[in-house]
Amino acid sequence: MSGTTFTLENPVFRTFLGYAALVLLKTMAMSLITTYHRITKKVFINEEDALLAGKKIHVVTNNPTVERIRRCHLNDLENVIPFVLLGLLYVTTGPALSSAALLFRVFTASRFLHTVVYIFAIPMPSRAVCFLVGFLVNVCMAYTILCKAAF
């Protein structure tokens, strides 16, 4: 492994940084979207959260819109974290910039599309396809890592 693997001099790492930042920011934004819908729909899961609204509001734990957004956020956490970790390991395998960029772009697009499809309840199999595409990118990177690893 070269001393420039995790520097901005490595175009694969620099490309990975951009796409990793995009999907991490999207995942973080899901928290804000959840919070917005909790507040506007007065869906609070803790009494102290309800008191922040300024009135005594009955604690509600189940709202279809809020739950859909929460599940979308959870799905991001289940997929984006492995992408970031696998992506860092993948960079160390010395992939060609073109193939690495393709994997990073496809994963990022699949996660953004997955969010749109999930939040707007676009009929199946659209969500499953978006999930599977991102999942397969992670599998592809893992396979490359395992092929180059020493056991």
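Author: Begin with R70 and E67, which are three residues apart in helix α3 and thus separated by about one helical turn. Helices (H or I, at least four residues) and strands (E, at least two) are DSSP runs, numbered from the N terminus. This is a predicted model, in which local features need pLDDT of at least 70 and side-chain atom pairs count only at pLDDT 80 or more, while totals for chains, interfaces and linings use all residues. Residues are numbered from 1 along each chain as its sequence is written, and side-chain values use heavy atoms, with hydrogens and water left out.

Reader: What do R70 and E67 form, and how far apart are the closest N and O atoms?

Author: Side chains of opposite charge can pair when their charged atoms come close. A salt bridge is a side-chain nitrogen of Lys or Arg within 4 Å of a carboxyl oxygen of Asp or Glu. R70 and E67 form one, with their closest N and O atoms 3.2 Å apart.

Reader: Are R70 and E67 buried or exposed?

Author: Buried means under 20% relative accessible area, exposed means over 50%, and partly exposed is in between (1.4 Å probe, protein chains only). R70 is partly exposed at 40%, whereas E67 is buried at 16%.

Reader: How many salt bridges does a search of the whole structure find?

Author: The search finds three. One of them joins D76 to K26, with the closest N and O atoms 2.3 Å apart. D76 belongs to helix α3 (residues 64-91) and K26 to helix α1 (residues 11-40), so this pair ties together parts that are 50 residues apart in sequence. D76 has a relative accessible area of 0% and is buried; K26, at 7%, is buried as well.

Reader: With which other residue does D76 form a salt bridge?

Author: With R111, at 2.8 Å between the closest N and O atoms. Since R111 lies in helix α4 (residues 97-119) and D76 in helix α3, the pair ties together parts 35 residues apart in sequence. Both D76 and R111 are buried. Through shared partners, the salt bridges join K26, D76 and R111 into one network.

Reader: Which residues does V23 touch?

Author: Contact means heavy atoms within 4.5 Å. Leaving aside residues up to four places away in sequence, V23 touches V80, F83, F107, T108 and R111. V23 is in helix α1 and is buried, at 0% relative accessible area. Its C-alpha atom is 6.1 Å from that of T108, although V23 and T108 are 85 residues apart along the chain.

Reader: How many helices and strands does the chain have?

Author: There are five helices and zero strands, in the order α-α-α-α-α along the sequence. Of contacts between residues at least 6 apart in sequence, 71% join residues at least 24 apart.

Reader: What radius of gyration does the chain have, against that of a compact globule?

Author: The radius is taken over C-alpha atoms, and the globule rule is 2.2 Å times the number of residues to the power 0.38. A compact globule of 151 residues would be near 15 Å, but this chain has 19 Å. The C-alpha trace spans about 60 × 35 × 30 Å along its principal axes. Of the 151 residues, 36% count as buried.
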